[in-house]
Amino acid sequence: MARPSLISLSLCLLVLFHTTLARQQREQVGECNLNNLNALQPDNRIESEAGLIESWDPFHEQFECAGVAIDRKTIEPNGLLLPQYSNAPQLVYVLQGNGLTGTLFSGCPETFQESQGSQQGQGSRRFQDQHQKVHRFRQGDIIALPAGVAHWCYNDGNERAIFVTLYDLSNSANQLDLNPRSFYLAGNPEDHFNPQQSQRHPGTPRGRESERGTSPRRMRPHVQKGTCNNVFCGMDTRFLAEAFNVDEQVAMRLQSQDDRRGPIVRVKESLQIVRPPSIREEEQRQRGGRRYNTENGIEESFCSMRIRENLDDPSRADVFSPEAGRLSSLNSHNLPILRALRLSAERGVLYNEALMVPHWNQNAHSIIYAIRGQARLQVVDHFGQTVFNGELREGQVLTVPQNFAVAKRAEGERFEWVAFKTNDNAMFSPLAGRTSAIRAMPVEVLANAFRVSPEEARRIKFGTQETTLTSPRSKSGRRFDA
Amino acid sequence: MARPSLISLSLCLLVLFHTTLARQQREQVGECNLNNLNALQPDNRIESEAGLIESWDPFHEQFECAGVAIDRKTIEPNGLLLPQYSNAPQLVYVLQGNGLTGTLFSGCPETFQESQGSQQGQGSRRFQDQHQKVHRFRQGDIIALPAGVAHWCYNDGNERAIFVTLYDLSNSANQLDLNPRSFYLAGNPEDHFNPQQSQRHPGTPRGRESERGTSPRRMRPHVQKGTCNNVFCGMDTRFLAEAFNVDEQVAMRLQSQDDRRGPIVRVKESLQIVRPPSIREEEQRQRGGRRYNTENGIEESFCSMRIRENLDDPSRADVFSPEAGRLSSLNSHNLPILRALRLSAERGVLYNEALMVPHWNQNAHSIIYAIRGQARLQVVDHFGQTVFNGELREGQVLTVPQNFAVAKRAEGERFEWVAFKTNDNAMFSPLAGRTSAIRAMPVEVLANAFRVSPEEARRIKFGTQETTLTSPRSKSGRRFDA
Amino acid sequence: MARPSLISLSLCLLVLFHTTLARQQREQVGECNLNNLNALQPDNRIESEAGLIESWDPFHEQFECAGVAIDRKTIEPNGLLLPQYSNAPQLVYVLQGNGLTGTLFSGCPETFQESQGSQQGQGSRRFQDQHQKVHRFRQGDIIALPAGVAHWCYNDGNERAIFVTLYDLSNSANQLDLNPRSFYLAGNPEDHFNPQQSQRHPGTPRGRESERGTSPRRMRPHVQKGTCNNVFCGMDTRFLAEAFNVDEQVAMRLQSQDDRRGPIVRVKESLQIVRPPSIREEEQRQRGGRRYNTENGIEESFCSMRIRENLDDPSRADVFSPEAGRLSSLNSHNLPILRALRLSAERGVLYNEALMVPHWNQNAHSIIYAIRGQARLQVVDHFGQTVFNGELREGQVLTVPQNFAVAKRAEGERFEWVAFKTNDNAMFSPLAGRTSAIRAMPVEVLANAFRVSPEEARRIKFGTQETTLTSPRSKSGRRFDA
């Protein structure tokens, strides 16, 4: 019996090896000769009946280099984001609020079923509904959505639900070009990455719109928005009537011709669906039980694949210093679907003027969204030029291109961020501290490289004992007061 | 013993998971801002001694977006398509006829050997030939050919053999640019994707040639065709004489300088090669035995890899409705070599005015070739715009880009098609019917999304019980008479 | 017990299958409409305190088509190449000399430690150093370096160490654009792929610089070199002081502001580091023992991964003919890290006017560097046009694009080369000899394709018995005297 288990073990190792190293398939996009990065606010804003979508212009140099687009969605209580899919895989971070989301995998069974006794007598419905799995989400969750998979989202809480979404357009799962595209199954929404001046939802105020870059390198598609924008609009109603086996009046409803509610609509009363218990109910039930989202492993099948993980829980930190802060990372080892999406994420908190040591991203771009507070960042290219030296404030986005060096320092008591990374096993190399490239070199190499004495080289190498995060307050009283 | 088998099982699942999801490596190509698709006839035609090659201009917008090229080859009885290889992986569908094909894998053994007694006394040949495996093909076969692997093809039947071939230029196996290139090992053929006006095979009529697009976005290579076009032409004859250890007269024959037969040549008498029994012989032998092409599995080695599968057999259907039609799909789960080629195919038949329900391709472009009859198709982009609304007739090609919604309806008694897809596990999401995205959603989400009553939502959701294919005749007598 | 071992075996085969076929992920880059290839000398030269870097202009058509860059580094005895990383994976071939190199993998342990007794009393150092693994290299080694992983290199021998390095810019591990970028951790080096006219290291002679191509298709970055070029330069010294927990004077040393030594610096005295025994010491110790670099297998962990293999040893040849020469190839089957880098290499020697038979590279570009002697090469495109017909001399580089046919013949007594290939399992198909495409075809196909008699076809097919390499002297006395 030793033999097969040895082979199996070897295979396990092989697979791990394979996973660690061999997953770097990604496209090179446009030019990355960035002389200047900026901390960016959203450029465009589309208001809806029950919410708001703000988007960053995907033609910004830094997004073109990284091949991504980004937006922020606000869903009011009882708001429903209409079902849609995108040509790019998405990572969604839940900034606040909680609710329900459903992903629609063709061919997977409808596993959420009403029990016979429930919901009877409500309005005119007598039948029992059944539908695919519904996922509950809450603040701090990362949700992973494959390209081409439709999904909807509902806020059943009492506060606004707000998401930041990264679209990885240069991912090889997108075989179209690099324009972000949302395909809606219902409603009549505007393309929020290619807004129009002429047609806006009546009654909504004119959004803040920045001046766009003058000469975008990608061709911005020419939009001739009609009165109907979802995927059913372009089809013959009689065609639809036959396909759905309904009469044409109902088929016309699919096309939502005169729908002016926008992509986020208000649900009348509240949404009655078969769904898992809310967090509190769940926590009450689970008191003393195990955590509810830790069971995903290789034994789980496609249709019940886990698509989310909470990154806000402090006890989940991968790097932690009581004085400096904490870092949690999410990659294909802890959320397997990320292997297919080739994306990962990092959630960080820096306390009181602590630093994240200078480092570079080995194999990924890093798109940083500031959640709370503000920080000073410095980003350096391979000529030694500073391409960014400034503040990153709550609600702003900064792209740190692959291999560029970056350092980060909290200003004030607390800086929190989420970083989306364009590799399912994004790795960074610190330049200082316990796991740094500097620490990995012999002292004499340092002494000769930096023309310092061996004693000074030793201090450079061993001066910082911390890993990644370090607090000047915990040291010899020095301060950084730029 | 439970342990290793558990690990092995886990690994199996991991590998399956990996296969299902993580195989989406492909390039993004050019622009896909398609405002208009067209059902296309071939643009160019090159006649040969024993056949004909018709090709679609690869600079058409829809082929540029999908990163593919397509041609149709007709080989007359006793015609031989000269050995050649391409910079792109190919999927070949056999429209009609049957014959033999040989793929030339360097390093694989010559496993087809004449027995000592056979073929003696035929002409001047006394020796026993041996060569690599020869594959028999017949109508309905899909043949998979890797990039850079040479192959030849011979029609040993009594009717014309006709193939449609898709070249996946944007496949990562092609490290050259996006121009289709055929490298011939013999003969003096013209590049059928880049035809010239000046030099044509004498005696052949001027082919039907469409006006090309005025400003191709890829640079069309400038062709200076000489009198010699195969890979030996550019080499010194003395060089060749030494490499082949033959005299220079013979070496000059390799260069085929004065050969005007074109890429498909007529074989004198018939081709005497070691070959498997013909279909009829085989069927006679196999009466009661197992089918001959179902044995390919992971235990089979590289050199004997299966490269073809028949899709015309009705009993092979993956989706079947006696009233509406059938669908057969071919992917890397049933033809493993497709995992390397990252391509798959679908073969469909629609009966009497039946519909293929509106759907979108999640992870692939779909290039449809109409085999028989005609259909009406509607294709819709993410703005809800109809980019195609028209007929697709026998012999025409239409590209449906990834994520665009499409519906299809047979006109007349029967519509048959083959669709090539640019992913080895191409998946589509129906919008109506049993496996649809609509069915996966809760009724109340539908009710709110489409502003209909729960009862109407229920009808939209459950109205069509069929999967993918549906026939209006089987329903309440409604008709579609646009 | 039969069951699990069978499953495991199947998985092994599956993984092998997967490895052999499914690893062709790579980018298509620019145009490959090459009408003319050239054997190229370096275009630029940067002298350093203890060495020299010569580079080939990456904007040459042939390098743009292949998506690579190439340079040659000379390190004098006691010279240290400063630690740096690149946006592209690299393959390094050691033309001559030997020394030490360290790769800096973040998170891997410092496994080279001074024993307590050693090195005491040397200068001012009292502490014990510890650092990551140091690799010894020698002439004939290929060293594989992943993108974004920093490394340094030291010549501890008595002769110059010279390397040729290939940078695979179009590799998907590079998510930036196609410009080669070196990020230095120390010193103040010039970008040797984008040299400037104005600022040169004082005291070094003006290098030989060719006229660049007039209209490069990629935008050459505009370099504004300041006085400081490493990744620390763009950061605030106080920032650095805090991150390293050193005072600002030391932090300024990290920025190396006034360092004019260039990228290769002279070490004072010799480098005292913990290191493996030298080759001779090792050989003395290992007399009778196993070879030192053959132990890498799937059981080995990430941090101790083997990164080099010697290709010069004649006994390692994969193809050998006493009269014609030998070929050794290095791919992911014998150096597993190449699976992640998607690169491989071939080392060849041709004796006395021997030939490498005409062949084509199925799945890779081949970038040939001539190590010794000279050869005549002919390269042919798919139109049958000769795109190269000339000499390749010691120190020159020639790119043979994927699928183009090529033949090679030694001029004089000995021609040696190394070829870098852009696929981790690069395969070529010979056109003549035992493993050729011609040999794989039936004689009658050849007879009809080339319009020769079966007897002549037989001679074409079986004339050359050798595999890949053949010597005209061993045959009928014919010569090639072009």
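This report looks at chain A as a whole, then at aromatic pairs, then at one residue of chain C. The model is predicted.

## Chain A in outline

Chain A has 482 residues, and 65% of them count as buried. Its secondary structure comes to 9 helices and 25 strands.

How much of the contact in chain A, at a separation of 6 or more, comes from residues 24 or more positions apart? The share is 76%. The accessible surface of chain A is about 16,300 Å². Carbon and sulfur atoms hold 46% of that surface.

## Aromatic pairs between chains

A pair of aromatic rings is described by two things: the distance of the centres and the angle of the planes. Over all chains, a search of the whole structure finds 27 aromatic pairs. One of them is formed by F232(A) and F450(B). Their centres are 6.3 Å apart, with 65° between the planes. That pair is edge-to-face, because an angle over 60 degrees counts as edge-to-face. The pair crosses between chains. F232(A) sits in the loop between β13 (182-184) and α3 (237-244) of chain A. F450(B) sits in helix α8 (residues 443-450) of chain B. Both F232(A) and F450(B) are buried.

Another aromatic pair is made by F404(A) and F183(C). Why does the pair join two chains? F404(A) lies in chain A, in the loop between β22 (397-400) and β23 (405-421), while F183(C) lies in strand β13 (residues 182-184) of chain C, so the pair joins two chains. F404(A) is buried, and F183(C) is buried as well.

Ring pairs can also build a cluster. In this model they link Y85(A), F183(A), W360(B) and F404(B).

## A residue of chain C: L350(C)

L350(C) is part of strand β18 (residues 344-351) of chain C. Is L350(C) buried or exposed? Its relative accessible area is 0%, so L350(C) is buried. The cut-off for buried is under 20%.

Which residues does L350(C) touch, leaving aside its neighbours within four places in sequence? Its contacts include A324(C), G325(C), L355(C) and M356(C). Also among them are K408(C), R409(C) and A410(C). E413(C), R414(C), F415(C), W417(C) and L469(C) are in contact with L350(C) too.

R434(C) gives a sense of distance. L350(C) and R434(C) are 84 residues apart in sequence. In space they are 18 Å apart, C-alpha to C-alpha.

Key
Residues numbered from 1 in each chain as written. Chains lettered and ligands numbered in written order. Predicted model: local features only at pLDDT ≥ 70, side-chain atom pairs only at ≥ 80, totals over all residues. Heavy atoms only, no water. Helix = DSSP H or I, 4+ residues; strand = E, 2+ residues; numbered from the N terminus. Buried < 20%, exposed > 50% of the residue type's maximum accessible area, 1.4 Å probe, protein only. Contact = heavy atoms within 4.5 Å. Phe/Tyr/Trp six-rings, centres within 6.5 Å; stacked < 30°, edge-to-face > 60°. Areas by Shrake-Rupley, 256 points an atom, 1.4 Å probe, with all protein chains shown as cover.
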